[in-house]
Amino acid sequence: MPYSAEISRQQPTAFLFLLDQSASMQEAFGGAEEKGDAAPSKSRVLADTVNRLLQNLVLRCAKEEGVRDYFHVGVIGYGERVQPLVQPAEDFDTGTGLIPISHLAERPKRMEQRVKTVEDGAGGTQEQRVKMPVWFDPHAKNGTPMCQALDLGAQYVRDWIDRHPGSFPPVVLNVTDGEATDGEPLRYAQQLRSFATDDGEVLLFNVHLSESEEPAVAFPAHPDELPRNDEYAEVLFQMSSTLPFTMRSAAEQEGYTVDLDTRGFVFNADPVSLVKFLEIGTRPSNLR
Amino acid sequence: MSTRPPAIDIRVLTVPKEGHRAEENEDAAAYAADTWPVRVAIADGATEAVFSGLWAEMLVARWVADDGATPAALAEALPAWRNAWQNHPAVRSQDLPWYAAAKAADGAHATLLGLTLRANGTWKSVAVGDGVLMHLREGRLERAWPMDDPEAFSDRPALLASVARPSPPRMEAASGDWAPGDSLLLTTDAVAAWLLRTDPTAAPAWDAASFAEQVESARTQGLLRNDDSTLVQIST
């Protein structure tokens, strides 16, 4: 069965993030509770989401003696430039633009103190101080060279697959507000998705952050589930991989209605469904 | 009750997951067999948490030393055991990196299976999760408990947490009779599913080397899931 390879240190899988850093990301995020001037910018939502997701990935691999390299991670920002946002140190260089997750875990840009409310086990709650790692800050400038980003991403995953032909295939997460300014991204998406390990083709998931205040759409199976007047949503939907079996069951466990055509795509996602989406996309059910 | 020391032979055989070092094995086993009742326990620490191996070690050591032989006694003993884990210097260390500290706050998790044998020929057992007791008599499997279906094992067994939880996990209890010459096996989940799917009757005779060989061969054939694999043999 495809998409069932065991994920281990000997046979890691890869996560590659493509982050839209174009000027339009300065606009307000429509899916937030706060509206108007109080709403966070899309670039703020993107940074928070990616920091939380990376934290989540690190925690899945963390043991008391250190972080086990079940995952290799890459981040490509696209806006003013198309560039890798995490760099391997020499002794960690995998030669693919992706770095072992332990390297990322040890080098956040800074740690922020947050207060978290947790259950105290006796029916009440208590406040706990937790340290939150921050790797990325909001950034928004210039156009949206999504095609170039998909192309660079394709190079990264191709090189990575050459070194890990038996692994669970790389998962690419593209977080954007939608409009590519450098061509037709569907073609580049198809090229990216055509690379495969013995376990299956590369998975490309798209997370659409929009200023529109329409309700979120998570895991649509058909284009008619998308808001009718948004051409970018349609393109991003077409670019997205269908969910493989293991991820469909994870989505179902989270209460989503899924079928064989369900795609790894969220439109106009509020931060909560966005994180849920990403957590499902990164749940290593076969992690050993 | 007999005052003679128990003539019971107990051996612990364990192999870590393939690709893991022996010190990364998060299964644990302990026994107390110098006097009646004889007490044996195994625990399987959950990979996703930190300090699960430590929690599994503490659970089996305390279970064979304290009286946690029934679900009620186990529930009563648990707060002190949790306290010991939470106050362990390794867990409390201020030097933990952010990721280990964050996970330590969520606690460690492990299954636990304990077996008490009495001189009068009775046994009782308590279980949280999917460790399995197999009772063999005259070359056949008399009983497997609390699970006897190799297909029923899942990724989400009941687990004992090392921090307080709003609702306690499902604790099960069973009892039965044993006779001299019987073999009892305690197995962690992967070994249990494999032996139930194949044949447990040869297992009482394995030694460390043959167990390791059997595990390796079963993993290669896809009969045994790649997991920490523990077998405790109790020969009466």
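S10(B) and strand S11 (residues 229–235) of chain B pair in the antiparallel sense, with five bridges between them; strands here are DSSP runs of E of at least two residues, helices are runs of H or I of at least four, and both are numbered from the N terminus. Two strands count as paired if DSSP finds at least two bridges between them. This is a predicted model, in which local features need pLDDT of at least 70 and side-chain atom pairs pLDDT 80 or more, while totals for chains, interfaces and linings use all residues. Residues are numbered from 1 along each chain, chains are lettered from A in the order in which they are written, and side-chain values use heavy atoms, without hydrogens or water.

Let's stay with S10(B) for a moment. B:Ser183 stands opposite B:Ser235 in S11(B). Strand S6 (residues 132–137) of chain B also pairs with S10(B), again antiparallel and over five bridges, and there B:Leu133 has B:Leu186 as its bridge partner. In a regular strand the side chains alternate between the two faces of the sheet. On one side of S10(B) are B:Ser183, B:Leu185 and B:Thr187, on the other B:Leu184 and B:Leu186, and all are buried (under 20% relative accessible area with a 1.4 Å probe, protein chains only).

Now for the aromatic rings. The whole structure holds nine aromatic pairs over all chains; rings of Phe, Tyr and Trp (its six-membered ring) pair if their centres lie within 6.5 Å, and planes under 30 degrees apart count as stacked, over 60 as edge-to-face and the rest as tilted. One of them joins A:Phe15 and A:Phe71, edge-to-face at 5.0 Å centre to centre and 85° between the planes. A:Phe15 lies in strand S1 (residues 13–20) of chain A and A:Phe71 in strand S4 (residues 71–78) of chain A, so this pair ties together parts 56 residues apart in sequence. Both A:Phe15 and A:Phe71 are buried. The ring centres of B:Trp36 and B:Trp178 are 6.0 Å apart with planes at 20°, so that pair is stacked. B:Trp36 and B:Trp178 are buried too.

Our last stop is the second largest pocket, lined by 29 residues, with A:Gln128 and B:Ala101 among those that lie nearest its centre. A pocket is an open set of points on a 1 Å grid over the protein atoms alone where a 1.4 Å probe fits, with protein on both sides within 12 Å along at least five of seven lines; lining residues have an atom within 4 Å of a point. H4(B) gives the most to this lining, with six residues.

Key:
Buried means under 20% relative accessible area, exposed over 50%, partly exposed in between (1.4 Å probe, protein chains only).
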